[in-house]
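I opened this entry to record what I looked up in the structure.

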Amino acid sequence: MYELLDLGFGKCRLMMAVPEAKKRPELKDYAHLRVATKYPRCAREYFDKLGIQMEIVKLNGSIELGPLIGLSELIVDIVETGTTIKENKLIEVDSIFTSTARLIANPVSFKLKFERLHKLVVDLRAVLAAEKGDKKAK
């Protein structure tokens with residue numbers, strides 16, 4: 001796929017959080033623990049890059065409940081504001097990556113429909129720039 005444009009909305013981040021009472025000084029101090037997440041592949045890649053072995057527990061629903069009910073010691077989840085994390089007495093230990101909505105195209109469509117896609121991107125850029133101008137004026 002090709003990323004054509006960052007639309008600039010829907011900003012969120014994938015982060016690692018632990019119960020307040022279980023915060024440790026270094027990221028490596030969390031090795032060999034269970035981590036609950038909806039995103040096991042992203043979590044695995046993150047911990048592999050850090051050289052930390054973890055047991056990944058795939059959960060759906062309210063991931064922040066994992067540590068509270070004993071399914072995991074920490075979580076990896078997407079947050080926008082972090083309110084739910086705080087409400088469940090968790091603290092963010094590390095931000096893994098941030099994300100926003102993106103306009104994408106597959107390579108075949110990009111080649112076959114280049115003119116239409118290019119016009120769409122140009123038009124969307126103009127709309128996004130105008131919205132930024134409106135926000136600055138307020």
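I began with terms: a helix here is a DSSP run of H or I with at least four residues, numbered from the N terminus. A lining residue is one with an atom within 4 Å of a pocket point. The model is predicted.

**Pocket.** I looked up the largest pocket and noted about 210 Å³ of space in it. Its lining consists of 11 residues, and Leu7, Gly8, Leu128, Glu131 and Lys132 are those nearest its centre. Which element gives the largest share of the lining? I found that α4 does, with 6 residues. Both α4 (114–137) and β1 (2–6) contribute at least two residues each. By class, I recorded 5 nonpolar, 5 charged and 1 polar residue in this lining.

**Surface patch.** I next noted a nonpolar patch on the surface, formed by Leu65, Leu68, Ile69 and Leu71. Together these residues have about 360 Å² of accessible area. Leu65 sits in the loop between β4 (55–58) and β5 (74–79). I class Leu65 as partly exposed because its relative accessibility is 37%, between the limits of 20% and 50%.

**Backbone angles.** I then turned to phi. Most residues other than glycine have a negative phi. His32 has a positive value, near 65 degrees, and lies in the loop between β2 (12–19) and β3 (34–37). Lys89 also has a positive phi, near 55 degrees; its place is the loop between α2 (83–87) and β6 (90–99).

Are these residues buried or exposed? His32 counts as exposed because its relative accessibility is 61%. Lys89 is exposed as well, with a relative accessible area of 55%.

Notes:
Residues are numbered from 1 along each chain as its sequence is written. This is a predicted model: local features need pLDDT of at least 70, side-chain atom pairs count only at pLDDT 80 or more; totals for chains, interfaces and linings use all residues. Side-chain values use heavy atoms; hydrogens and water are left out. Patches are made of residues with over 30% relative accessible area and no salt bridge: like charges are joined within 9 Å, nonpolar side chains (Val, Leu, Ile, Met, Phe, Trp, Tyr) within 5 Å. Accessible areas come from the Shrake-Rupley method with a 1.4 Å probe; for residues, only the protein chains shown count as cover. A salt bridge is a side-chain nitrogen of Lys or Arg within 4 Å of a carboxyl oxygen of Asp or Glu. Buried means under 20% relative accessible area, exposed over 50%, partly exposed in between (1.4 Å probe, protein chains only). On a 1 Å grid over the protein atoms alone, a cavity is a set of points where a 1.4 Å probe fits but cannot get out, and a pocket is an open set with protein on both sides within 12 Å along at least five of seven lines; lining residues have an atom within 4 Å of a point. Grid points are joined across faces, edges and corners, and a volume is the space filled by probe spheres set on the points. Ala, Val, Leu, Ile, Met, Phe, Trp, Tyr, Cys and Pro count as nonpolar, Asp, Glu, Lys and Arg as charged, and the others, Gly among them, as polar.
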